[in-house]
Amino acid sequence: MIELAQRVRGADPHRRFGTLTRVQGACLTIAGLGGAARIGARLHLAGEVGPVAAEVTALDGSNATAMAFAPTESLVTGTPVELVAAEACLRPSPAWLGRVIDGLGTPLDGLGPLPQGLQPAPLRASPPPAAERNRVGSLLATGVRALDLFAPLCDGQRLGLFAGSGVGKSVLLSMLARWADCDVAVIGLIGERGREVQEFIADDLGPDGLARSVVVVATSDAPALMRRQAAFATLAVAEHFRAQGLRVLCLMDSVTRFAMAGREIGLAAGEPPVTRGYPPSVFADLARLLERAGPGRAGEGSITGLFTVLVDGDDHDEPVADTVRGILDGHVVMSRRIAERGRYPAIDLLKSVSRTLPDCLPPPDNALRLEARRILSTYADMEELIRLGAYAPGASPEVDCAIAVAPGIEALLNQTKEDRGDPGASFAALAGLLAAGLVA
């Protein structure tokens with residue numbers, strides 16, 4: 001009795017508990033948290049094989065609906081549920097570089113526990129106020145000739161990478177992670193195939209790329225809440241390094257799978273589907289997530305973001321692609337047709353746009369870019385006739401120039417993941433191609 005009294009006196013009077021009353025699919029119903037729980041609050045449940053973390057996704061009177069970050073097979077009704085009052089956050093540090101973690105900050109690489117930093121990084125932080133943000137910075141060399149020449153990236157800019165499956169998207173991301181002129185890379189693999197995670201880290205990213213990167217992983221078999229959480233964690237880690245004044249490259253593959261996870265969560269919570277099954281909260285979450293990238297406040301660094309969008313059936317007007325395109329500062333389109341032709345990265349230059357142009361390039365380089373685009377556009381318009389032999393050489397000087405120069409530009413843009421490009425040398429090579437074509 002004395003021991004029990006001591007335990008009661010030592011208990012935290014502010015701890016709140018509820019009871020698990022229902023498990024239906026991925027949804028958990030908890031009673032007893034009315035007036036205390038809020039949307040997004042963290043819960044701890046005592047599962048039979050260990051504690052299970054969950055998050056409140058809907059409220060209804062005295063009941064709260066939650067979803068778990070782990071499989072729910074070990075949960076039974078009557079399980080005690082504790083409401084965690086603290087805001088969900090991570091504590092990144094420079095020691096996280098070279099590590100692979102999940103959306104909760106748990107290491108996945110078997111290299112031991114992660115050293116914790118001093119400053120918390122909220123998982124659901126708000127974007128910096130628009131009036132307090134710095135402007136987009138100077139040109140950022142990526143080492144990818146197609147981007148440096150035709151869709152240049154600047155410090156703090158956010159680009160969307162629109163691609164179908166199997167067109168070389170992962171290899172392009174690894175080239176950017178290894179070569180881009182930045183201090184830190186934060187890579188979010190959201191809904192990735194489990195088989196491909198190690199291949200990406202070991203083969204595509206490599207030891208040098210991993211050494212300056214933090215990789216956040218939630219594979220396709222992870223619960224929807226964990227997939228969404230991994231995207232929030234990716235931005236939280238990037239924001240931490242931005243606050244230290246560093247230039248951060250944030251790569252996320254993919255925003256589409258983040259939206260799909262949000263769709264699962266929203267529909268399970270009872271939201272109505274509005275556009276192709278997506279509830280309204282998905283589009284609000286997309287804006288909040290993507291706006292967190294970009295320049296920081298005065299004295300801070302920047303987050304240069306490249307977010308991939310999966311375009312099923314090459315439909316670039318589906319809801320997620322259309323929403324992301326309207327939020328970001330440009331878009332890069334990867335084409336299956338170009339990949340089948342054997343040119344990698346398979347970037348469609350005529351459909352790709354960087355909204356920092358033309359100001360981010362000096363006038364001579366910008367003139368070269370415009371002339372090369374004009375030549376590629378002319379060749380694309382006449383390509384079918386040229387291949388069929390229906391075009392007669394000499395009929396049009398512009399078409400003759402395009403026939404002479406376009407193959408050289410295509411060869412210049414072709415790169416392997418070991419072939420790092422230099423922007424100055426790339427523009428010099430492009431100038432030589434254009435000069436030779438005009439003379440001919």
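Strand S13, residues 184–192, pairs with strand S15 in the parallel sense, over six bridges. Bear in mind throughout that this is a predicted model.

S15 has another partner to look at. Strand S17, residues 302–310, runs parallel to S15, and six bridges join them. Here the example is Met-252, whose bridge partner in S17 is Phe-307.

Now, how many of the seven residues of S15 are buried? Six of them are. S15 covers residues 247–253, and with that count it is largely enclosed by the rest of the structure.

Next, the single residue. Thr-234 lies in helix H5, which spans residues 224–243. Is Thr-234 buried or exposed? Its relative accessibility is 0%, and the cut-off for buried is under 20%, so Thr-234 counts as buried.

What is Thr-234 in contact with, leaving aside its neighbours within four places in sequence? The list is Val-186, Ile-187, Gly-188, Ile-190, Val-216, Cys-250 and Met-252.

A polar atom of its side chain lies 2.8 Å from the backbone oxygen of Ala-230.

Last, a distance. Arg-15 and Thr-234 are separated by 219 residues in sequence, and their C-alpha atoms are 30 Å apart in space.

That is what I have.

Notes: Residues are numbered from 1 along each chain as its sequence is written. This is a predicted model: local features need pLDDT of at least 70, side-chain atom pairs count only at pLDDT 80 or more; totals for chains, interfaces and linings use all residues. Side-chain values use heavy atoms; hydrogens and water are left out. Buried means under 20% relative accessible area, exposed over 50%, partly exposed in between (1.4 Å probe, protein chains only). Helices (H or I, at least four residues) and strands (E, at least two) are DSSP runs, numbered from the N terminus. Two strands pair if DSSP finds at least two bridges between them. Contact means heavy atoms within 4.5 Å. A polar contact is a pair of N or O atoms within 3.5 Å; within protein, one must be able to donate a hydrogen and the other to accept it, and residues adjacent in sequence count only if both atoms are side-chain atoms.
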